[in-house]
Amino acid sequence: MSDVTHITVIGAGTMGSGISLTAAMAGIKVCQVDVSQEQLDRAAAYHQKTLGRNVAKERMTQDEADAALGRIGYATETCMASESQFAIEAATENEDLKKKIFSQMVQTYSDTCILATNTSSISITSIADSVGDAADRVIGMHFFNPVPVMKLVEVIKCPATSQDTLDRTMTLSEAMGKTPIAANDHPGFVSNRVLMPMINEAFHAWNDGVAEPEAIDGIMKLGCAFPMGPLRLADLIGLDVCRDIMLVLHNGLGHPDKYQPCEKLVELVEAGRLGNKTGWGVYDYREAAATA
Ligand code: NAD
């Protein structure tokens, strides 16, 4: 049984907004923080829309939806700092930024608060090393997109992570309706070490003219029983996120060519085609979004 009643989620983008909604739906009070008011407004709109859809589909009552929404506070700095038993960082995937946020977390939250990161690929050890005595409270809590739907939390422990931190993180994940599976801290952990090279290879197949994206995705869906093809999944994850994770594998695992991001992937990122979040990545979603 989790005793967690209050958490803070730092970053209100794709992942942070999903984590805060999932926690609120599990009865936990959430402070949703972001430096951008626009992102907070977008997260609030997403929360309202998703809860409204759940009511329409009779997955919850209007009272339950109202209660879940009422559990989320939105702030550009902090709220519920002293009450938060967990602070889950889900800000932009950048090591220097995350270390800066973690040093603020150590100052802001109580000395029993678990300091978790939703990073896809940055070293938990390196983040823990940057926070001195608080290192035993640092852990990776890697949710998957879309958070309210995906069952897994890949829980990443580093050598400094205490058993108590691990136990409490596994328990909170379960209380949020997820299945936590623990792994050790290595570049890409398990999920992205296996997934990202496959996505990258799909970009190579497209770049080499083996097939167009629809055919690559169709073959992988029907032939490998994937729920969606690797290029469609890349759009959902964000092409910039995919490129950055490949760079972490490239820099961390020491094979000069094996993990180099495909030039086609880099080209689309540089053109601002980041996937669903910009309306255009491998596929173009702009027309569908305009008529939705
Ligand atoms: P995103 O770009 O959608 O959102 C990042 C948010 O962080 C933005 O709203 C930004 O304003 C905010 N931010 C930046 N600096 C901040 C600060 N100092 N304080 C508070 N907020 C700040 O990114 P995302 O896709 O939600 O990814 C967030 C994290 O989750 C990354 O570490 C990423 O690797 C990881 N992740 C992403 C996915 C995915 O599928 N997108 C899956 C698993 C994990």
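The lining of the second largest pocket comprises 5 nonpolar, 2 polar and 2 charged residues; here Ala, Val, Leu, Ile, Met, Phe, Trp, Tyr, Cys and Pro count as nonpolar, Asp, Glu, Lys and Arg as charged, and the others, Gly among them, as polar. The model is predicted, so that local features require pLDDT of at least 70 and side-chain atom pairs pLDDT 80 or more, whereas totals for chains, interfaces and linings use all residues. Residues are numbered from 1 along each chain as its sequence is written, and side-chain values use heavy atoms, without hydrogens and water.

The residues lining this pocket are Thr22, Met25, Ala26, Pro148, Val149, Lys151, Met176, Gly177 and Lys178. A pocket is an open set of points on a 1 Å grid over the protein atoms alone, where a 1.4 Å probe fits, with protein on both sides within 12 Å along at least five of seven lines; lining residues have an atom within 4 Å of a point.

Helices (DSSP runs of H or I, at least four residues) and strands (runs of E, at least two) are numbered from the N terminus. His47, Gln48, Leu51 and Val55 in H2 are in contact (heavy atoms within 4.5 Å) with Gln62, Ala65, Ala68 and Leu69 in H3. Of the residues in this contact, 5 are nonpolar, 3 are polar and none is charged.

Two loops hold a non-glycine residue with positive phi. Met80, with phi near 50 degrees, lies between strand S3 (72–75) and strand S4 (86–89). Phe189, at about 50 degrees, lies between strand S8 (179–184) and helix H7 (191–207).
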